[in-house]
Amino acid sequence: MLGSISSAVWIGRQFYGIDIREHGSRNAGATNILRVLGKRAAIPVFAIDSAKGFAAVKLYLLAPTGDEEWQFYFKLALCAAVVAGHIFPIFTGFKGGKGVATLAGAVLAINTPAVLLCLGTFLIVLAIWNYVSLGSVVAGIMYPVYTYIVCRLWYPQVLVEETVFALVVAVALIIMHRKNLRRIATGAESKIYYFPEKARKKREEARRK
């Protein structure tokens, strides 16, 4: 139910009078909102999608047992449920986003240090190549590595289980972004810049040359 709260669809309709699923990449997520409607719309979409993932996993606190192993598996189930809800939202015709922001919020509640390292990786990749999708994929690939390191140091009791989960997340991110990776290979993927004004000036200078 939390995952099915499609913030991109709601904000697009409520404040801009459009269904974001009919524009850009037709994906109901923060990246497509950023491309089509800009930062002012994308920031709250990303924040809401991440928050609902985090909140869903924190529901494990309502579990009737304090057994750590049981709670860990309950967290994984909650993570899968909220991401599935985002991708197939019951409130908006089962047509949602890719679930990256929601997944980030969910895994942040499971392994905060590893996710913060992934965030750093994402920002570095985005700064160098200007592709959100590439940053998401590379961060996802590094997630099992960071998870293994963090668990080895601090959570050895769930080392194997959490590393396997991280590998599943990495594979899922690659599958979800397979079309984006094809577009990157052909040069058709849209770029996102930290400083769009500087990027525009560089493009104009390149055209003049």
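T92 is found in the loop between α4 and α5, where helices are DSSP runs of H or I with at least four residues, numbered from the N terminus. The model is a predicted one, in which local features need pLDDT of at least 70 and side-chain atom pairs count only at pLDDT 80 or more, whereas totals for chains, interfaces and linings use all residues. Residues are numbered from 1 along each chain as its sequence is written, and side-chain values use heavy atoms, with hydrogens and water left out.

With a relative accessibility of 15%, T92 counts as buried; the term buried denotes under 20% relative accessible area, exposed over 50%, and partly exposed the range in between, computed with a 1.4 Å probe on protein chains only. When residues up to four places away in sequence are not counted, T92 touches S6, V9 and R21, contact being defined as heavy atoms within 4.5 Å. The loop between α4 and α5 also holds F94. F94 counts as exposed because its relative accessibility is 53%. Apart from neighbours within four places in sequence, the contacts of F94 are with I87, F88 and P89. The C-alpha atom of F94 is separated by 8.4 Å from that of S4, although the two residues are 90 residues apart along the chain.

Helix α1 contains the buried residues S7, A8, V9, I11 and G12. The buried residues of this helix pack against α2 (30-37) and α3. Two packed helices are described by the angle between their axes and the distance between the axes. For α1 (residues 7-16) and α3 (residues 39-57), the axes come within 9 Å and cross at roughly 145°; axes are lines fitted to C-alpha atoms, for helices over the stretch in contact, and angles run from 0 to 180 degrees between N-to-C directions. The crossing of α1 and α3 is right-handed, a term applied if the near helix is turned clockwise from the far one by less than a right angle, with anticlockwise giving left-handed. On the α1 side, S7, A8, I11 and Y16 take part, and they meet R40, A41, P44, V45, I48 and D49 in α3. The residues of the contact of α1 with α3 comprise 7 nonpolar, 1 polar and 2 charged; Ala, Val, Leu, Ile, Met, Phe, Trp, Tyr, Cys and Pro count as nonpolar, Asp, Glu, Lys and Arg as charged, and the others, Gly among them, as polar.

A51 is also placed in helix α3. This residue, A51, counts as partly exposed because its relative accessibility is 43%. Between A51 and A127 the C-alpha to C-alpha distance is 24 Å, with 76 residues separating them in sequence.

Positive phi values were also examined. Most residues other than glycine have a negative phi, and most peptide bonds are trans. Just after α1, G17 takes a positive phi of about 65°. R26, a residue other than glycine, has a positive phi near 65°. R26 lies in the loop between α1 and α2 and, at 48% relative accessibility, counts as partly exposed. N130, likewise a residue other than glycine, has a positive phi near 65°. The location of N130 is the loop between α6 and α7 (132-154), and its relative accessibility of 12% makes N130 buried.

W129 is placed in helix α6. With a relative accessible area of 46%, W129 is partly exposed. Leaving aside neighbours within four places in sequence, W129 is in contact with L134 and K191. The C-alpha atoms of W129 and G93 are 34 Å apart, and the two residues are 36 residues apart along the chain.

The second largest pocket contains about 280 Å³ of space. On a 1 Å grid over the protein atoms alone, a pocket is an open set of points where a 1.4 Å probe fits, with protein on both sides within 12 Å along at least five of seven lines, and lining residues have an atom within 4 Å of a point. Grid points are joined across faces, edges and corners, and the volume is the space filled by probe spheres set on the points. The lining of this pocket comprises 17 residues, of which F72, K75, I110, Y155 and E162 lie nearest its centre. At least two lining residues are supplied by each of α4 (68-87), α5 (100-110) and α6 (112-129), and α4 gives the most, with 4 residues. By class, the lining of the second largest pocket has 9 nonpolar, 4 polar and 4 charged residues.
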